[in-house]
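Please walk through this model strand by strand. Keep the sequence and the coordinates open side by side as you read.

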Amino acid sequence: MAVTSVTLTELTLNTASADLPIASWTAISNGSDGFSLDMTGVGSPVLIGFSDGGGGADDVTITAGDRPPAQLQGQGNLSITMAASDVKFVTLESGRFEQNDSTIKGTVAGNNTTMVAFLLPVNWG
């Protein structure tokens, strides 16, 4: 199986997004193969959402970066523990997680996880 590519949905400041039901999120069909999020040209943080669609708990691991300027890579991987049917979001920045191929990568313990990724507006905060 191949790594699942996840597409960034760009958000606009002070504007509602399109309807984004969990059923439309990207399914991670094989958790051990993981996911990849293309960060080419992205200069702002990303918001990633995970939904556990299975009957049991799940663990998501976002891999520490190896790309300069991933200056915060020494902080290691980020692990997110999810109970059955949980929905969780995390905001990431490239300084810790970007890989040398301009991606953010990770794995999930189960095969019933769906994922969505948002590109936050540059002047969001």
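Strand E5 (residues 46-52) runs antiparallel to E10, and seven bridges join them. Helices (H or I, at least four residues) and strands (E, at least two) are DSSP runs, numbered from the N terminus. Two strands pair if DSSP finds at least two bridges between them. Within this pairing, glycine 49 has valine 116 of E10 as its bridge partner. This is a predicted model, in which local features need pLDDT of at least 70, side-chain atom pairs count only at pLDDT 80 or more, and totals for chains, interfaces and linings use all residues. Residues are numbered from 1 along each chain as its sequence is written, and side-chain values use heavy atoms, with hydrogens and water left out.

Strand E2 (residues 8-10) pairs with E10 in the parallel sense, over three bridges. There, threonine 9 is bridged to phenylalanine 118 of E10. Strand E3 (residues 26-28) pairs with E10 in the antiparallel sense, also over three bridges. Isoleucine 28 has threonine 113 of E10 as its bridge partner. Strands of a sheet pair through backbone hydrogen bonds, either parallel or antiparallel.

How enclosed is E10 by the rest of the structure? Seven of its seven residues are buried, so E10 is largely enclosed. Buried means under 20% relative accessible area, exposed over 50%, and partly exposed in between (1.4 Å probe, protein chains only). In a regular strand the side chains alternate between the two faces of the sheet. Both faces of E10 are covered. Thr113, Met115, Ala117 and Leu119 are buried on one side, and Thr114, Val116 and Phe118 are buried on the other.

Take threonine 113 in detail. This residue is found in strand E10 (residues 113-119). Threonine 113 has a relative accessible area of 1%, so it counts as buried. Its side chain makes a polar contact of 2.3 Å with the side chain of aspartate 58. A polar contact is a pair of N or O atoms within 3.5 Å; within protein, one must be able to donate a hydrogen and the other to accept it, and residues adjacent in sequence count only if both atoms are side-chain atoms. Not counting residues up to four places away in sequence, threonine 113 touches Thr26, Ala27, Ile28, Phe50, Ser51, Asp52, Asp58 and Val108. Contact here means heavy atoms within 4.5 Å.

Now the nonpolar packing. The largest nonpolar core has 21 residues. Such a core is a set of buried Ala, Val, Leu, Ile, Met, Phe, Trp, Tyr and Cys residues joined through side-chain atoms within 4.5 Å. Phe35, Val46, Ile48, Phe50 and Ile62 have the most contacts inside the largest core. E4, E5, strand E6 (58-62), strand E7 (78-82), E8, strand E9 (103-108) and E10 each supply at least two residues of this core. Valine 46 shows the reach of its contacts: leaving aside neighbours within four places in sequence, they include Leu8, Leu37, Val90, Ile104 and Phe118. In soluble globular proteins, nonpolar side chains tend to be buried together.

Next, the aromatic rings. Rings of Phe, Tyr and Trp (its six-membered ring) pair if their centres lie within 6.5 Å; planes under 30 degrees apart count as stacked, over 60 as edge-to-face and the rest as tilted. The count comes to two aromatic pairs. The rings of tryptophan 25 and phenylalanine 89 have centres 6.0 Å apart and planes at 75°, so this pair is edge-to-face. Tryptophan 25 sits in the loop between E2 and E3, phenylalanine 89 in strand E8 (residues 87-92), and the two are 64 residues apart. Tryptophan 25 is buried at 10% relative accessible area, whereas phenylalanine 89 is partly exposed at 45%. The rings of phenylalanine 35 and phenylalanine 50 have centres 5.8 Å apart and planes at 55°, so that pair is tilted. Phenylalanine 35 lies in strand E4 (residues 35-38) and phenylalanine 50 in E5, so the pair ties together parts that are 15 residues apart in sequence. Both phenylalanine 35 and phenylalanine 50 are buried.

E4 also belongs to an open sheet. This sheet has five strands in the order E1-E4-E9-E6-E7, with mixed pairing. Its edge strands are strand E1 (4-6) and E7, each pairing on one side only. Four bridges join E4 to E9, and the two run antiparallel. Aspartate 38 has threonine 103 of E9 as its bridge partner.
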